Every structure is written in structure tokens, then in C-alpha cells.
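I opened this notebook to record what I looked up, beginning at the surface and moving on to the strands and the aromatic rings.

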Amino acid sequence: MQAIYIPNLLKASGRKLEIAIEDRIAEFSTLTPVKGNLVVRHGGNFLEVVAKVETIVTLTCDRCLQSYNYRLAIDNSEIIWLELAGEIEDLPAEREVSTEDLSETLPPNGYFDPESWLYEQLCLATPLRQLCGKECQGTTQTSTASELPVDSRWSSLAALKEQLPRSE
């Protein structure tokens, strides 16, 4: 996917560009190509980006460590403000960030990279807790504690433990 030159969107029909997607996203490993559509609309001082895409990824279960396939679907929209970046001053390494600063901005005469945007959305849609199923029991332990070899340095403690009465 090529980057979109933002001023060209003003000349497009309806001031928007519709992109049919059936491609792989760089740096994002999937079993199937990402399929769907992406619409970028120029709204004067903002871009509205709407995407409906899906793909299949291979994840590793956090409990049993088995690989499983997961259908990743995105139906997102985002407003990206178009504004000229002010001159960068010598800012401190740490500073307080206001809520207004937590928005995406691009220069009005710059480029919008749909592949980068899709990569970010796919990463955000990937589940943090990766479980292969609701019934996943995790790894099964085949040996019991009595079958495990005992370090000879702990033999005195093991003998003392055997002398204690067992409460059941």
C-alpha cells in the first residue's frame, strides 16, 4: 500500500478514497492476507479513516502454551486532525501531557500511510489475554512431588517432614 498525499484527497470524488485491501501487512505475521476495505475522507481540517478488515493470526495460549488460530476482525474509525506542527522548542525530557494532546495529527500537506495505520489497529485488536479456549486447563503435570529427585542438602528437612503428623 502506498502512502496517500493528503492534498490529493481534496480533488478526489466526494473528497474520499476507498481502498480494497487484500494484502499482507509488513511486520505483522498472519496466516491469511488482511482482507477488507479502508475509506479515507478529507473533512477540511481532519481526516476520517474507517476500516473494516479481517485476517487470521496464530497465537500462543498463555495457559497451555499451545498454538491456535484466531480470527482478528477490525471495524474501526478514527479522526486524524490536520494541523501544522508548531516549532519544536527545547522541551524538558519529562512534561505533563494534557488530554487535548492525546490525539493523532498530520500536516495538511503531508502523507497518510494506510499500512502503518492498519498495523497499529491490528496490534491494538490482538487480545492481551491469549487463551485457546474457555475450557483450557493449562499444562498438565505428569509427575508428583514424591517422584521428583530430592537435593541431598534437603534430606534432613525431608526426614523431619516425614516425622510430623499428617493432617487431612
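**Surface patch**

I located Leu 160 in helix H3 (residues 155-163), where helices (H or I, at least four residues) and strands (E, at least two) are DSSP runs numbered from the N terminus. I note that this is a predicted model, in which local features need pLDDT of at least 70 and side-chain atom pairs count only at pLDDT 80 or more, while totals for chains, interfaces and linings use all residues. Residues are numbered from 1 along each chain as its sequence is written, and side-chain values use heavy atoms, with hydrogens and water left out.

How accessible is Leu 160? I found a relative accessible area of 47%, so Leu 160 is partly exposed (buried means under 20%, exposed over 50%, partly exposed in between, with a 1.4 Å probe and protein chains only). Together with Trp 154 and Leu 157, Leu 160 makes a nonpolar surface patch of about 340 Å². Patches are made of residues with over 30% relative accessible area and no salt bridge, like charges being joined within 9 Å and nonpolar side chains (Val, Leu, Ile, Met, Phe, Trp, Tyr) within 5 Å; a salt bridge is a side-chain nitrogen of Lys or Arg within 4 Å of a carboxyl oxygen of Asp or Glu. The accessible areas come from the Shrake-Rupley method with a 1.4 Å probe, and for residues only the protein chains shown count as cover.

**Strands**

I then followed S2 into S3, which pair in the antiparallel sense over 8 bridges (two strands pair if DSSP finds at least two bridges between them), and noted that Lys 16 stands opposite Arg 41 in S3. S3 and S4 also run antiparallel, joined by 8 bridges, and His 42 has Leu 47 in S4 as its bridge partner. The hairpin of S3 and S4 has 3 residues between the strands, and there Gly 44 takes a positive phi near 95 degrees.

**Aromatic pairs**

I counted 3 aromatic pairs, taking rings of Phe, Tyr and Trp (its six-membered ring) as paired if their centres lie within 6.5 Å, with planes under 30 degrees apart stacked, over 60 edge-to-face and the rest tilted. One of them is the edge-to-face pair of Phe 28 and Tyr 119, at 6.1 Å centre to centre and 85 degrees between the planes. Why does this pair tie together parts that are 91 residues apart in sequence? I see that Phe 28 lies in the loop between strand S2 (16-23) and strand S3 (34-42), whereas Tyr 119 lies in helix H2 (residues 114-125). Phe 28 is buried at 13% relative accessible area, and Tyr 119 is partly exposed at 30%.
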